[in-house]
Amino acid sequence: MTYYPARAVVDLDAISANVTRLAEIARTAQVMAVVKGDGYGHGLLPAARAALRGGATWLGAAQLSEALALREAGITAPILTWLYAPGAPLAQVLRAGIDVSVPAPWALTEVAAAARATGTTARVHLKVDTGLGRGGSFLEDWTAMLADAMALQAGGVLSVVGVWSHLARADELDHPSVRDQLDVFAEAVRRAENAGAALEVRHLANSAGTLAVPDAHYDLVRPGIAAYGLSPMPGTRPSDDVGLVPAMRLEANVHLVKDAAAGQGVSYGHTYTTATDTSLAVIPLGYADGIPRHAGNTAPVFLGGRRHQIAGRVCMDQFVLDIGRGSGVHAGDVAVLFGSGAEGEPTAQDWAEAAGTISYEIVTRLGTRVPRVYRGEGG
Ligand SMILES: *Cc1c(COP(=O)(O)O)cnc(C)c1O
């Protein structure tokens, strides 16, 4: 049964238009649309296809399974995947013609073994840790890993097609760590080229780097969140200023509306009490759908032409709004948790602020049981 009293409506044309806008901002750099996390909750394949229609020439996926699913669906664009542990099925990835990141010596060994086993030449992007302190090889270990990679390239086992890195604080305008990371990246690239690598792509800009650090664009930018219309820097680069439109609208049909007297405790723990005689509306979405429990008594919901704050705790499957008497709201009416904001509804950014998190988490954590409904080309 596909019935569900709530849905995430995804505007695929908005994703395409956002990617087109990001390609403009990136000027000569190509765009790798990052579609990890099920396309940030929007749906892996529809998001990937919309991004390609909008002008992305690459796709990026953290997990090998996500990258393989793109190929299995017939997508032929270049794909990079980067997060795996020893013993990963790299042979399958290489056979599918997917580029892989090499962040450490063990990975170089495993990629080379998979290339020999499959008779392919692995296309690898060596990852340098320029200061994020997460994946990749620090510059101290870079030259040794590079030498090993170039020896394998000489043997025809692999081809070093990319050098890449990731920024820690690109969302903080002019933070000095960004300049430091750019310097380390330039040095890592220089060493790779001196070692004889013919790099197709040098890349380190996420959405924030794309929007705010032109020197980080190099040959390819890797926006994720911005492709979905949300800004990684809502304070200094709000999405509407940049020309991005949030692509997801989360809505639910009201389960029931009933009158309640003043002094009625609402939801578990009675953390909210009605101040006056009023009406309560029950909304059938809860933390099993990915609605943050932290949103209780804080997050905004648009219903009956105005915004209401959630009343009381968010439960597993539902929460309550105190909508006042005479609202004209009935069971079945559509409540909008977040959307583009164009019709007065809150945005995922508003939800992030209410729940003490970032918009990335609001859209990505949306539960798999919430149906995605697609609008626009490819929907
Ligand atoms: C997630 C991710 C991105 C995209 O980041 P956004 O901030 O969503 O633009 C880019 N590169 C890597 C390596 C990532 O893991």
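**Aromatic pairs in a predicted chain**

Tyrosine 360 has 27% relative accessibility, so this residue counts as partly exposed (buried is under 20% relative accessible area, exposed over 50%, partly exposed in between, with a 1.4 Å probe and protein chains only). This is a predicted model, where local features need pLDDT of at least 70, side-chain atom pairs count only at pLDDT 80 or more, and totals for chains, interfaces and linings use all residues. Residues are numbered from 1 along each chain as its sequence is written, and side-chain values use heavy atoms, leaving out hydrogens and water.

**Aromatic pairs**

- The structure holds six aromatic pairs (rings of Phe, Tyr and Trp, the last by its six-membered ring, with centres within 6.5 Å; planes under 30 degrees apart are stacked, over 60 edge-to-face, the rest tilted).
- One of them is the tilted pair of tyrosine 40 and tyrosine 360, at 6.2 Å centre to centre and 35 degrees between the planes.
- Tyrosine 40 sits in helix α2 (residues 36-40) and tyrosine 360 in helix α12 (residues 359-364), so their pair ties together parts 320 residues apart in sequence.
- With 7% relative accessibility, tyrosine 40 counts as buried.
- Phenylalanine 185 and tyrosine 218 make an edge-to-face pair, with 5.0 Å between centres and 80 degrees between planes.
- Phenylalanine 185 is buried, at a relative accessible area of 0%, while tyrosine 218 is partly exposed at 25%.
- Ring pairs also link Tyr40, Tyr228 and Tyr360 into a cluster.

**The whole chain**

- Buried residues account for 54% of the 379 residues.
- The C-alpha trace spans about 80 × 45 × 40 Å along its principal axes.

Notes: Helices (H or I, at least four residues) and strands (E, at least two) are DSSP runs, numbered from the N terminus.
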